[in-house]
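Colleague: I would like to learn how to read this model. Please take me through the features one at a time.

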Amino acid sequence: MTGVLAGLEDANAISFADCDHFVGTSAGAIVAAKLVSGRPLHRPGSVVNGAAADGQPHLPDWAANSVMAIAAPFASIGLRVAVRPAEVIRAAALSVVARDDREQLDFREAFPPRRVRFDGRLRVVAVDRRSGRRVVFGAPGAPRATVAQALRASCALPLVFAPAVIAGREYVDGAIWSPTNADVAPPGRDARVLILATMASAHGPWSAPLRAATRATMLIEASALKARGAQVRIITPDRSSAASIGDDLMSGERLDETHAAGYAQGRAS
């Protein structure tokens, strides 16, 4: 995500830090918080010389636009109807799998309150473990939290990390609700929305059913935004970027290669 955004910035002479709003889930929440904090996106070094975008994105613009045009009239209604059943199912599942004896994430040093805070632009998505409800920290009416606390909640993947406790309630990874959660973006008519969906690539070496489910969820959410009058663009890893990520999504061994591949894709997008 960082590589793609940096490549897009350099190719188009723009700065994503100037965006009106940011929605982040799990790792995407970290990227969003970094942009809100005003820190520049990292550019790859010499390794970028060996990276090249392959020009094979998984979902061409015409295909995404066609799906959104068809689904837009029904997407918002469908999302509202599905909320309560989804909450019940997630609450039941999380009562079994979420455990508090796992590693504790800590973002306080990287994102202290003096550097970044909820100022109306940032939305960080998590799921309430007990109720199964989606919680959007930073949105009006959301529970009070620091950005570091919200990031810990949004990244607390069950069975990998311990739930985050905020004001006595436990929260887990927002990707349990949706890997993208694009429908919570506040913009309306004529807004331009960019969705980065790392898990939705058709080329990823990881689980094909998971990638297909992510694509379906993402397109429904994007259709809901389109129904509100937003212009939506979707970017997912092309073949080179997906291959650079590898099988283990939690591994840090290929970060430089992945960053370079993402940057090359962003420059070419």
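Modeller: Read along the sequence, the protein chain runs α-β-α-α-β-β-α-β-β-β-α-β-α-α. That pattern holds seven helices and seven strands. Helices (H or I, at least four residues) and strands (E, at least two) are DSSP runs, numbered from the N terminus. This is a predicted model, where local features need pLDDT of at least 70, side-chain atom pairs count only at pLDDT 80 or more, and totals for chains, interfaces and linings use all residues. Residues are numbered from 1 along each chain as its sequence is written, and side-chain values use heavy atoms, with hydrogens and water left out.

Colleague: What percentage of the residues of the protein chain count as buried?

Modeller: Buried means under 20% relative accessible area, exposed over 50%, and partly exposed in between (1.4 Å probe, protein chains only). Here 45% of the 269 residues count as buried.

Colleague: And among contacts between residues at least 6 apart in sequence, what share joins residues at least 24 apart?

Modeller: Contact means heavy atoms within 4.5 Å. Of the contacts you describe, 74% join residues at least 24 apart.

Colleague: Now helix packing. At what angle do α2 and α4 pack?

Modeller: Axes are lines fitted to C-alpha atoms, for helices over the stretch in contact; angles run from 0 to 180 degrees between N-to-C directions. Helix α2 (residues 27-37) packs on helix α4 (residues 147-154) at about 160°, with the axes 8 Å apart. That makes α2 roughly antiparallel to α4. The cut-offs: under 35 degrees is roughly parallel, over 145 roughly antiparallel, 65 to 115 roughly perpendicular, and the rest oblique.

Colleague: Which residues of α2 and α4 meet?

Modeller: From α2, A29, I30 and A33; from α4, V147, L151 and S154. By class, this contact of α2 with α4 has five nonpolar residues, one polar and no charged. Ala, Val, Leu, Ile, Met, Phe, Trp, Tyr, Cys and Pro count as nonpolar; Asp, Glu, Lys and Arg as charged; the others, Gly among them, as polar.

Colleague: Is the crossing of α2 and α4 left-handed or right-handed?

Modeller: A crossing is left-handed if the near helix is turned anticlockwise from the far one by less than a right angle, and right-handed if clockwise. The α2 and α4 crossing is right-handed.

Colleague: How many residues of α2 are buried?

Modeller: Eight of the 11, so α2 is largely enclosed by the rest of the structure. They are G28, A29, V31, A32, A33, L35, V36 and S37. Their cover includes α1 (2-12), β1, β2 and α4. After α2 comes G38, with a positive phi near 90°.

Colleague: And how many in α4?

Modeller: Six of its eight residues are buried, so α4 too is largely enclosed by the rest of the structure. The six are V147, A148, A150, L151, A153 and S154. Elements covering them include β1 (22-25), α2, β2, β3, β4 (164-166) and β5 (169-173).

Colleague: Where is F111, and is it buried or exposed?

Modeller: F111 sits in the loop between α3 (61-97) and β2. At 6% relative accessibility, F111 counts as buried. Leaving aside neighbours within four places in sequence, F111 contacts I30, A33, K34, R39, V116, A148 and L151. Along the chain, F111 and L151 are 40 residues apart; their C-alpha atoms are separated by 9.2 Å.

Colleague: Take another loop residue. Is M250 buried or exposed?

Modeller: M250 is exposed, with a relative accessible area of 53%. Its place is the loop between α6 (239-245) and α7 (255-268). Not counting residues up to four places away in sequence, M250 touches V160 and F161.

Colleague: Next, polar contacts. Which side chain does the side chain of S241 reach?

Modeller: A polar contact is a pair of N or O atoms within 3.5 Å; within protein, one must be able to donate a hydrogen and the other to accept it, and residues adjacent in sequence count only if both atoms are side-chain atoms. The side chain of S241 makes one with the side chain of Q265, at 2.9 Å. S241 lies in helix α6 and, at 5% relative accessibility, counts as buried.

Colleague: What does the side chain of S131 reach?

Modeller: The backbone nitrogen of R133, at 3.2 Å. S131 is in the loop between β2 (122-128) and β3 (134-137).
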